[in-house]
Amino acid sequence: REFEAKRGAQISVLVVPTTEPETIEQYSMRVVEQWKLGRKNVDDGALLIVAKNDRTLRIEVGYGLEGVLTDATSNRIINEAIVPRFRNGDFYGGITAGVDGMMRVTSGEQLPPPQRRYQTS
């Protein structure tokens, strides 16, 4: 609530067992539309959705945040902050790290540089 009051944007989290029979993309779009995330005429809402049994997750972003919370940035948050914690069994920590990353980026902060992945020959 403090973030929403300060920044105006809304960030929500939804954890479901599955999105079946829909894809996670279809399901998240429907949820965002039904929940009316973000301010009217600004569309500055974002949803972190986790389908636990499907082992999928997604960050759905309203048009008003697409300039800062881009697909590339959202994928980095998922792959660098959330998924490693999930793999270690820290479900709560993964969600917390994801929301924290989303809030930082939405507030104008940049993510740390990506970790380099060294290829072996």
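Reply: What follows is a set of questions and answers on a predicted model.

Me: What makes Thr-19 buried?
Reply: Buried means under 20% relative accessible area. Thr-19 has a relative accessible area of 3%, so Thr-19 is buried. Thr-19 lies in the loop between β1 (10–16) and α2. Leaving out residues up to four places away in sequence, Thr-19 touches Ile-24, Tyr-27, Ile-49, Ala-51 and Asp-54.

Me: Why is Val-32 called buried?
Reply: The relative accessible area of Val-32 is 16%. The cut-off is under 20%, so Val-32 counts as buried. Val-32 is found in helix α2, residues 24–35.

Me: Which residues does Val-32 contact, apart from neighbours within four places in sequence?
Reply: Val-32 is in contact with Leu-37, Leu-47 and Glu-60. Glu-60 is 28 residues from Val-32 along the chain, and their C-alpha atoms are separated by 7.8 Å.

Me: Why is Lys-36 called exposed?
Reply: Exposed means over 50% relative accessible area. Lys-36 has 63% relative accessibility, so Lys-36 counts as exposed. By the same cut-off Asn-41, at 79%, is exposed. Lys-36 lies in the loop between α2 and β2, and Asn-41 has its place in the loop between α2 and β2.

Me: What makes the phi of Lys-36 worth a remark?
Reply: Most residues other than glycine have a negative phi. Lys-36 is not a glycine, yet its phi is positive, about 55°. Asn-41, also a residue other than glycine, has a positive phi near 70°.

Me: Which peptide bond is cis?
Reply: The bond from Glu-20 to Pro-21 is cis, with omega near 10°. Most peptide bonds are trans. Pro-21 lies in the loop between β1 and α2.

Me: How do you know that Arg-30 and Glu-22 meet in a salt bridge?
Reply: The cut-off for a salt bridge is a side-chain nitrogen of Lys or Arg within 4 Å of a carboxyl oxygen of Asp or Glu. For Arg-30 and Glu-22 the N to O distance is 2.6 Å, so the pair is a salt bridge. Arg-30 is partly exposed at 32% relative accessibility, and Glu-22 is partly exposed at 24%. The structure holds five salt bridges.

Me: How far apart in helix α3 are Glu-80 and Arg-76?
Reply: Glu-80 and Arg-76 are four residues apart in α3, so they are separated by about one helical turn. Their side chains meet in a salt bridge at 3.1 Å, N to O.

Me: What separates Asp-100 and Arg-104 in helix α4?
Reply: Because Asp-100 and Arg-104 are four residues apart in α4, about one helical turn separates them. Their salt bridge is 2.6 Å, N to O. Asp-100 has a relative accessible area of 34% and is partly exposed; Arg-104, at 26%, counts as partly exposed.

Me: What makes up the largest nonpolar core?
Reply: The largest nonpolar core has 18 residues, and those with the most contacts inside it are Leu-48, Leu-57, Ile-59, Leu-69, Ile-77 and Met-102. β2 (45–51), β3 (56–61), α3 (71–87) and α4 (91–106) each supply at least two residues of this core. A second, separate core of 10 residues includes Val-31, Val-32, Leu-37 and Ala-51.

Me: Which residues of α3 are buried?
Reply: They are Thr-73, Ser-74, Ile-77, Ile-78, Ala-81, Ile-82 and Val-83. Their cover includes β2, β3 and α4. At Ile-78, α3 bends by about 30°. α3 is followed by Gly-89, which has a positive phi near 85°.

Me: Which element gives the most to the lining of the largest pocket?
Reply: α3 does, with three residues. β2, β3 and α3 each supply at least two residues of the lining. Among the lining residues are Val-50, Ala-51, Leu-57, Val-83, Phe-86, Arg-87 and Gly-89. The pocket has a volume of about 300 Å³.

Key
Residues numbered from 1 in each chain as written. Predicted model: local features only at pLDDT ≥ 70, side-chain atom pairs only at ≥ 80, totals over all residues. Heavy atoms only, no water. Core = buried A, V, L, I, M, F, W, Y, C linked by side-chain atoms within 4.5 Å. Buried < 20%, exposed > 50% of the residue type's maximum accessible area, 1.4 Å probe, protein only. Bend = angle between axes of the 7 residues up to and from the residue. Contact = heavy atoms within 4.5 Å. 1 Å grid on protein atoms, 1.4 Å probe; cavity = no way out; pocket = protein on both sides within 12 Å on 5 of 7 lines; lining within 4 Å. Points joined across faces, edges and corners; volume = space filled by probe spheres on them.
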